[in-house]
Amino acid sequence: MHLLKSTAHDHPIASEITPPDVYQQRRRWMQTLAAGAAGAAASALPWQAQAQTPRPGKLAALAGDKSAVPGAQVMDKLTPYADITSYNNYYEFGTDKADPARTAGSLKTRPWTVAIEGEVRKPGIWDLDALLKLAPMEERIYRLRCVEGWSMVIPWVGYSLAELIKRVEPTGNAKFVQFVTLANKAQMPGLSSGSLDWPYVEGLRMDEAMHPLTLLAFGLYGEVLPNQSGAPVRAVLPWKYGFKSGKSIVKIRFVEKQPKTSWESANAQEYGFYSNVNPKVDHPRWSQATERRIGEDGLFAKKRPTLMFNGYEAQVGQLYAGMDLKKLY
Ligand code: MTE
């Protein structure tokens, strides 16, 4: 698997770019969502054009849409849009960091549905338009720490996964949630490579899934998610290594037993079910004590220390009280 490649840390970083008028861009996006035409906006503004458009470094306030969830507004400098959308892990589109931005144009994000299955009173198929309207969209600035040793700071747009979970009414048997993401050979050139078992699957314990920081994301930088970032809908778990945040979700299953995940199936010694960011538990082949911030820390800069639970310990530490985090990594 590519996470192991030594070149993973040596990728050239796209240069930082000067802010234009993000406020207008965000307003436009919100208006588009309100009109129920996010798909049209996505095709009118393909990511290729967006990536070349000068991007903001700072957020403009838009009344009422900044999340009030504790921990949802980290004050770190935002990673430039161009970096967030050109340095990706999305193996369905290739294992090189630059592959998804190049090849994910073939992903069809409309029409799109998410199936809710398993231990719920209200199973069913949700159309993307219904999901977009399910709860108010919020902006959340999260750190994302990849298991490879790099991190970003990303202004996502979405709402807590808990909003959807409450609607579908899990039964008492629902102890875990499994995310199943799209696996479509015609659209995804990476599926023929066998780098992972497809579809890419991830899972969470129910209390993790219900935590208000667990985000169902539809956008970033106030705009529709570009394909390489996991369009049209992905999970974001800021206190876990990036691979827990499944992209392009098509199914959410509520189950009684801890579900298998793609990375565990690929290498259980190295990738556990929990995968909480933990500077004290090294990956078997490298340290997790430090990280490099993409777009900010150059290749020769001193690395910054990685924080317990990626800096979200106050919010999520309680979920793991009493657990042996070395065993349950
Ligand atoms: N989701 C799918 N479906 N396929 C993937 O290959 N890669 C994961 C995760 N979600 C991946 C995925 C990994 S390893 C990381 S670090 C994050 O997405 C990267 O998200 P980003 O490219 O938006 O930074």
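Is Thr306 buried or exposed in this structure? Thr306 is buried, because its relative accessible area is 6%, and the cut-off for buried is under 20%. Keep in mind that this is a predicted model.

**Around Thr306**
- You can find Thr306 in the loop that runs between β12 (304–305) and α10 (313–316).
- Not counting residues up to four places away in sequence, Thr306 touches Arg145, Val277, Pro279, Gln288, Ala289, Thr290 and Glu291.
- One of these partners, Thr290, has its backbone oxygen 3.5 Å from a polar atom of the Thr306 side chain.

**The nonpolar core**
- The largest nonpolar core is made up of 86 residues.
- Inside this core, the residues with the most contacts are Trp156, Leu164, Phe218, Trp239, Ile252, Phe254 and Tyr320.
- Strand β4 (residues 150–160) supplies the largest share of this core, seven residues.
- Leaving aside neighbours within four places in sequence, Trp156 is in contact with residues including Glu138, Tyr142, Leu215, Ala217, Arg234 and Val236.

**The ligand**
- The ligand is surrounded by 15 residues, and the closest are Tyr91, Glu92, Arg234, Ser245 and Lys247.
- Asn88 places a polar side-chain atom 2.8 Å from an oxygen atom of the ligand.
- A polar backbone atom of Asn89 is 3.2 Å from a nitrogen atom of the ligand.
- In the side chain of Thr181, an N or O atom is 3.3 Å from a nitrogen atom of the ligand.
- Taken alone, the ligand exposes 530 Å², and the protein buries 100% of that.

Key: Residues numbered from 1 in each chain as written. Predicted model: local features only at pLDDT ≥ 70, side-chain atom pairs only at ≥ 80, totals over all residues. Heavy atoms only, no water. Helix = DSSP H or I, 4+ residues; strand = E, 2+ residues; numbered from the N terminus. Buried < 20%, exposed > 50% of the residue type's maximum accessible area, 1.4 Å probe, protein only. Polar contact = N/O pair within 3.5 Å; in protein donor to acceptor, adjacent residues only side chain to side chain. Contact = heavy atoms within 4.5 Å. Core = buried A, V, L, I, M, F, W, Y, C linked by side-chain atoms within 4.5 Å. Near = heavy atom within 4 Å. Areas by Shrake-Rupley, 256 points an atom, 1.4 Å probe, with all protein chains shown as cover.
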